[in-house]
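Have the sequence and the coordinates open while reading.

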Amino acid sequence: MELRKDPITRSWVITGDDGDREPEGRESCPYCPEAQRPPQVISSMPSLDGGPWSARAVVHPNALYHIEGDPLRQGDGIYDKMRPVGAHEVLVENPRHDRHLWVAGDGEIAQYLTLVGQRIQDLKKDRRFKYVTIFKNHGRVAGQEADHPTSQITATTFVPRRVLYELRSGKDYFTQKERCVFCDILAQEEQQKSRLVESRGDYIATCPYAPRVPYETWIMPRNHEAAFERSVQRGGAARDLAALLRRTLQRIRNITENFHMVLHSSPNTLHRSEVLDYWKTIDDDYHWHIEILPILEKKPKSYTYKEIYFTPVTSESAATRLRAVDVS
């Protein structure tokens, strides 16, 4: 396996003829507490009810990135490639096999979110890693890997292209107006309310003005903060976020069971780039957020492979329907 860079889009792609990956499906779940062959545990959060643990990070059984060695970036004619050095972990959200984020208690979800913050903080100590993120693929058509409630964390030696776009746009906007573009978006959404799904404590859920997919929803902190791991360390913040995340996922699942969820947070500023200007202003012009992209199995046109997206549902209509869902 190796990482290859597209010289036109500047996207890094991991590729290789890997025929030795472990087949999906086992007779017993490896992530349940009673598993006979449990994965290697990296970190755990204490239980809230006397159980074995509340959430934990384990080594991914089929990791795409490996922590040993150096990237060894090199040229291949006009192209660039490097070794897939990084980290790839499974975050077990709950010890119970049927306790997904949308049915778990807010305290349980807060424990998971705190673990997410701790793992990001720990991985950022490695100067090789430029970016750390969390993502969750749920549902058959979303590429779900396990039945147990899980998400994944990756640490990479590069910043993904979409995050780079956000960083550059955020810096340009701040240079012109001396304000964070995400904060301005939040202010307008809370004022207009037509795309606002719900607010909870210091967090809001809203449908973006220009959605890529029907019912796309973002969760953002009201208070300006570039790094997710700093937000969840504040007293009560993780529990407010937990409640909003649970309720938002209940709304999304009223529309479809299939979705992608990904955290966009600041790159590893503990080891700043001396070349890239936007790394010097991230704390002022970037704003972390969670993006939830539902997947509708029946849709009039594909929105997967295009840079100009088509969605048959406006964000205003999507927010209206999501608000109407009866959530607990």
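## Aromatic cluster

Tyr 203, Phe 228 and Trp 288 make up one aromatic cluster. The model is a predicted one.

Phe 228 has a relative accessibility of 1%. For Trp 288 the value is 0%.

## A tilted pair

The structure holds 5 aromatic pairs. One of them is formed by Trp 12 and Phe 158. A pair of rings is described by the distance of the centres and the angle of the planes. Planes must be over 60 degrees apart to count as edge-to-face and under 30 to count as stacked.

Trp 12 lies in strand S2 (residues 12–15), and Phe 158 in the loop between S9 and helix H2 (161–177). The pair therefore ties together parts that are 146 residues apart in sequence. Trp 12 is buried, at 15% relative accessible area. Phe 158 is buried too, at 11%.

## The sheet

How many strands form the open sheet, and in what order? There are 10, in the order S3-S4-S7-S9-S8-S13-S14-S12-S11-S10, and the pairing is antiparallel. Strand S3 (41–45) and S10 stand at the edges. Each has a single partner strand, so one side of each is left without a neighbour in the sheet. From one strand to the next, the twist averages 20°.

Strand S13 (residues 259–264) and strand S14 (residues 289–294) are joined by 6 bridges in the antiparallel sense. In this pairing, His 264 stands opposite His 289 in S14.

## Strand S9

Is strand S9 (residues 150–156) enclosed or open? It is largely enclosed by the rest of the structure, because 7 of its 7 residues are buried. In a regular strand the side chains alternate between the two faces of the sheet. Both faces of S9 are covered. One side carries Thr 150, Gln 152, Thr 154 and Thr 156. The other carries Ser 151, Ile 153 and Ala 155.

Two strands pair with S9. Strand S7 (residues 86–92) runs antiparallel to S9, with 7 bridges between them. Val 90 stands opposite Gln 152 there. S8 also runs antiparallel to S9, through 5 bridges. Thr 133 is opposite Thr 154 in that case.

Which residues of helix H7 (residues 315–324) are buried? They are Ser 315, Ala 318, Ala 319 and Leu 322. These residues cover an arc of only 95° around the axis, so they lie on the same side of H7.

## Cysteines

There are 0 disulfides in the structure. Cys 32 is in none; the nearest cysteine sulfur is that of Cys 29, 3.8 Å away. A disulfide needs the two sulfur atoms within 2.5 Å. Cys 32 counts as buried, at 8% relative accessibility.

Cys 207 is in no disulfide either. Its nearest cysteine sulfur belongs to Cys 183, 20 Å away. At 1% relative accessibility, Cys 207 counts as buried.

## An exposed lysine

Where is Lys 125 found? It is in the loop between helix H1 (106–123) and strand S8 (131–138). Lys 125 counts as exposed because its relative accessibility is 58%. Leaving aside residues up to four places away in sequence, Lys 125 touches Leu 270 and His 271.

Lys 125 and Cys 29 are 96 residues apart along the chain. Their C-alpha atoms are separated by 32 Å.

Definitions and conventions
Residues numbered from 1 in each chain as written. Predicted model: local features only at pLDDT ≥ 70, side-chain atom pairs only at ≥ 80, totals over all residues. Heavy atoms only, no water. Buried < 20%, exposed > 50% of the residue type's maximum accessible area, 1.4 Å probe, protein only. Helix = DSSP H or I, 4+ residues; strand = E, 2+ residues; numbered from the N terminus. Contact = heavy atoms within 4.5 Å. Arc of directions from axis to C-beta. Pairing = 2+ DSSP bridges. Axes fitted to C-alpha atoms, helices over the stretch in contact; angles between N-to-C directions. Phe/Tyr/Trp six-rings, centres within 6.5 Å; stacked < 30°, edge-to-face > 60°.
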